[in-house]
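Me: I have a model open and want to learn how to read its features. Where do we start?

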Amino acid sequence: MFTDLLNSSYFALFLIVALGFILGRIRFKGLSLDVSAVIFIALLFGHFGVTIPKELGNFGLVLFIFTIGIQAGPGFFDSFRSKGKTLIAITLLIVGSACLTGVGLKYAFDLDTPSVVGLIAGALTSTPGLAVAIDSTHSPLASIAYGIAYPFGVIGVILFVKLLPRILRVDLEKEARRLEQERRGQYPSLETALFRITNPNVYGKTLVQLNARAMTGAVISRLKHGEKLLIPTAQTVLHEDDVIKAVGSEDSMKQLAVLVGEQIEGDLPLEVSQEIESILLTKKDMINRSLGNLNLQRNFGCTVTRVRRSGIDLAPNPELQLKFGDKLTVVGEKEGLQGVARLLGNNAKQLSDTDFFPIAMGIVLGVLFGQIHISFSDSFSFSPGLTGGILMTALVLSAIGKTGPILWSMSGSSNQLLRQLGLLLFLAEVGTSAGANLVETFRDSGWLLFGVGAIITLVPMVVAVLVGYFACKISLLDLLGTITGGMTSTPGLAAADSMTDSDIPSVAYATVYPIAMVFLILFIQFMARLIL
């Protein structure tokens with residue numbers, strides 16, 4: 001009966017997942033495999049003949065890669081601009097050292113070229129690389145070598161990623177907090193202050209005449225004239241001894257003091273009819289609109305004092321483009337605030353809802369893009385493939401954010417759920433496929449090819465650590481993403497992703513993966529044609 005149940009793919013799938021989670025929660029000297037343990041259980045099941053349909057694995061891969069791209073997209077281009085050259089250089093070093101290691105071992109052990117290029121593709125778990133190796137060599141030896149190197153290509157990267165923080169004695173959570181503080185440091189913290197109008201040069205002038213916001217970067221949120229408290233507009237006139245309350249960075253506060261007069265202690269309370277509210281931007285047609293374009297002061301008599309995005313307070317300058325989920329702190333009369341809330345949406349439930357149309361449409365576009373073949377000559381053509389097509393499409397769509405009524409984003413909880421589901425399906429299928437012929441391939445082809453494949457897997461990662469961590473001083477979180485992307489290892493990324501809540505490894509992976517995929521294909525074609 002149990003054997004019959006194991007022949008049922010859905011029963012076997014969830015049994016592998018359940019046992020994988022049990023194994024993943026076992027800790028040894030503070031180290032655990034987490035979700036990566038699923039692939040080890042799958043290898044064992046595969047050895048005993050249990051199979052998971054390839055379609056389920058591809059379905060899981062599509063979900064996992066798409067959600068990675070959607071999450072990484074907003075930070076991808078920033079990362080590419082700031083750290084792109086370094087990460088790409090390390091990626092080329094990973095792919096290049098893998099190929100050079102393969103060539104060196106070919107001559108050291110007198111291996112044939114088809115086996116070597118198959119070993120390189122397997123060691124870097126690159127299915128497009130295997131396709132190019134077979135097409136370039138027209139030999140079944142490439143497939144056999146790929147099958148031998150592939151299991152350690154998967155397992156080796158996972159174990160390397162899991163052990164590296166312990167070897168280097170780096171606390172990933174502390175590292176994530178440090179990098180988050182650095183990121184926040186790029187955006188000066190906002191503060192409030194009171195100023196008394198004592199500069200004769202501004203007496204009798206309106207705020208629009210002074211152009212105070214553009215000149216100082218500060219937002220004037222309240223004004224006291226005599227005994228009257230006002231929410232200032234562009235036409236508000238400043239008088240001697242008026243008191244204003246402003247919001248801005250430390251530098252903008254200093255500049256405002258130079259413009260209007262002395263900074264004083266105290267506070268300006270709101271009038272009974274005035275309120276301050278946090279309003280969420282959840283209406284689709286407001287996304288990517290600039291704050292100045294909304295003209296909330298003229299239309300509703302309200303002033304935005306700060307915008308909170310991804311845990312960071314941003315100064316509300318008129319050119320700031322609003323994004324889905326931004327939280328605006330707004331001061332104004334009650335009726336005006338209600339109008340702003342209707343304009344922006346302010347629907348917290350919408351942040352947690354999942355619209356499956358953008359997910360389905362994005363995956364369709366990614367699959368179609370992956371089918372494109374780009375010919376550079378009669379002897380070389382390139383196709384992004386399933387993984388590359390979906391990843392690059394998701395990155396671009398997520399960076400765009402919105403196309404007409406379609407919102408290319410997902411809530412954090414939805415993204416995490418779909419990513420985990422996709423990953424589990426993918427790991428279960430990959431593991432059972434690799435485990436099916438693991439023992440037989442060792443028995444038939446010997447341990448030499450396995451050992452060569454293992455060396456090709458390990459050498460590039462060690463080189464990446466020596467150059468990236470010790471020479472270039474990049475953070476370990478960036479390095480983990482770069483290693484897994486450079487090795488084109490989705491299971492490796494899953495291992496890194498399970499070790500931290502930070503999205504830094506995912507962003508680095510997304511930054512370098514397309515580069516690694518393209519150059520690995522180029523190098524394999526070059527080796528297959530020119531190395532005898």
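Reply: Start with burial: buried means under 20% relative accessible area, exposed over 50%, and partly exposed in between (1.4 Å probe, protein chains only). This is a predicted model, where local features need pLDDT of at least 70, side-chain atom pairs count only at pLDDT 80 or more, and totals for chains, interfaces and linings use all residues. Residues are numbered from 1 along each chain as its sequence is written, and side-chain values use heavy atoms, with hydrogens and water left out.

Me: Is Glu 175 buried or exposed?

Reply: Glu 175 has a relative accessible area of 13%, so it is buried. Glu 175 sits in helix 8 (residues 172–185); helices are DSSP runs of H or I, at least four residues, numbered from the N terminus.

Me: What does Glu 175 contact?

Reply: Contact means heavy atoms within 4.5 Å. Leaving aside neighbours within four places in sequence, Glu 175 contacts Val 170, Ser 475, Leu 476 and Leu 477.

Me: How do I read helix packing?

Reply: Two packed helices are described by the angle between their axes and the distance between the axes. Here helix 2 (residues 9–24) and helix 18 (residues 412–436) pack at about 100°, axes 10 Å apart. Axes are lines fitted to C-alpha atoms over the stretch in contact, and angles run from 0 to 180 degrees between N-to-C directions. Helix 2 is therefore roughly perpendicular to helix 18 (65 to 115 degrees).

Me: Which residues of helix 2 meet helix 18?

Reply: Leu 13, Ile 16, Val 17 and Phe 21 of helix 2 meet Gln 420, Leu 424, Leu 425, Ala 428 and Thr 432 of helix 18.

Notes
Helix = DSSP H or I, 4+ residues; strand = E, 2+ residues; numbered from the N terminus. Parallel < 35°, antiparallel > 145°, perpendicular 65-115°, else oblique.
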